[in-house]
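Thank you all for coming.

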Amino acid sequence: MATDIRPRDTGLPPTMVPLATLIGRELRGGKSEKPAIRYGHAAFAKRGEDYFLVRPDCLRVPGDASSSFSVFAIFDGHNGVSAAVFAKEHLLDHVMSAIPQGIGETSGTTATLVVVDGWTVTVASVGDSRCILDSQDGVVSLLTVDHRLEENTEERERVTASGGEVGRLNLCGGKEIGPLRCWPGGLCLSRSIGDTDVGEFIVPIPHVKQVKLSSAGGRLIIASDGIWDALSSELAAKACRGLPAELAAKLVVKEALRTSGLKDDTTCLVVDIIPTDHTHLPLSPRKQQNKFKSLLFRKKSQNFSGKPNKLSSVGSVEELFEEGSAMLEERYC
């Protein structure tokens, strides 16, 4: 199992890394054989506000197959579909760019965008459409952070420190019901795309995480909250282990519906990152299957020059980068 090595505290500001540079950095470090990608999708609609994006054959350099990468994304809209549709059509080209007023003043969407470049996985997310990694060493890990005010203390503190108000819906007589929400607007998320009517407290700045898989590969499960409100990360991973990606996505959705019924749009993408000498993701002996672990990665430490120290990633998942600050836009531009 990997050892958690924390970055050295130098007393200096963190190194500024543009997202485009972060995604491409591993390629410049040297060539290696890329894994095969298999994916599957399944969904049931209640409101019809979930959208997904699959681009398995993107090219960084047109005509150059060696520059290929894959993109997978989930968008869970609310108060209409306009923001989700816009994000699906434009997010890949304009990551977190300003959304024009013309798409609708009140619609909004979560967004979880996953870029698979060889063995390197980069995830940028706002909202609560979660991405998990089921790695070959038996650990289920979160690659996103849920931006729900009910569950995220740091986000509640950020909103209130910025002048926003966090509270539940009040009925007559002062009775409070439902999840914590941000007022004005009443949104239960602290980060989203769109939602131009709720003020500056709801921001579209993503949590970004990048990891490098070992050559054993792994499975990504990307899904809207219709899945995660019914299943834990560990249960979702366990429900579909050993199955091809397409069937796995259907089984995760089926298990969520069996557990809680169709209460919300329910969308799931399963992406397998597979060694080229395998036709499917191999099963490995799994210890501690009932114990969910969130951040058991080996992190690259930074030296004074800002260059990451090289660490072996054999038999482990290596954390390359993580930044969840709502000030990401100002710090990294």
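Predicted model: local features only at pLDDT ≥ 70, side-chain atom pairs only at ≥ 80, totals over all residues.

**A salt bridge and its surroundings**

Let me begin with R148 and D229, whose side chains meet in a salt bridge at 2.8 Å from N to O, where a salt bridge is a side-chain nitrogen of Lys or Arg within 4 Å of a carboxyl oxygen of Asp or Glu. R148 lies in the loop between β8 (140-142) and α3 (153-161), and D229 in the loop between α4 (225-228) and α5 (233-239), so the pair ties together parts that are 81 residues apart in sequence. For these labels, helices (H or I, at least four residues) and strands (E, at least two) are DSSP runs, numbered from the N terminus.

Residues are numbered from 1 along each chain as its sequence is written, and side-chain values use heavy atoms, with hydrogens and water left out.

Are the two partners buried or exposed? R148 is buried, with a relative accessible area of 17%, whereas D229 is partly exposed at 48%; here buried means under 20% relative accessible area, exposed means over 50%, and partly exposed lies in between, with a 1.4 Å probe and protein chains only. R148 also forms a salt bridge with E151, with the closest N and O atoms 3.7 Å apart, and a network of salt bridges links D128, R148, E151, D225 and D229. The count for the protein comes to 15 salt bridges.

Another of these pairs is R191 with E155, whose side chains meet at 3.0 Å, N to O. R191 lies in the loop between β10 and β11 (193-194) and E155 in helix α3, so this pair ties together parts that are 36 residues apart in sequence. R191 is buried, with a relative accessible area of 2%, and E155 is buried at 5%.

Both R191 and E155 turn up again among the contacts of H147, a residue in the loop between β8 and α3 that is buried, with a relative accessible area of 2%. Leaving aside neighbours within four places in sequence, H147 is in contact (heavy atoms within 4.5 Å) with residues including S125, N152, C188 and H207.

Strands β3 (68-78) and β10 (176-183) each supply at least two lining residues, and β3 gives the most, with 3.

Finally, the overall picture: the protein has 7 helices and 16 strands, and buried residues make up 48% of its 333 residues. Among contacts between residues at least 6 apart in sequence, 70% join residues at least 24 apart.
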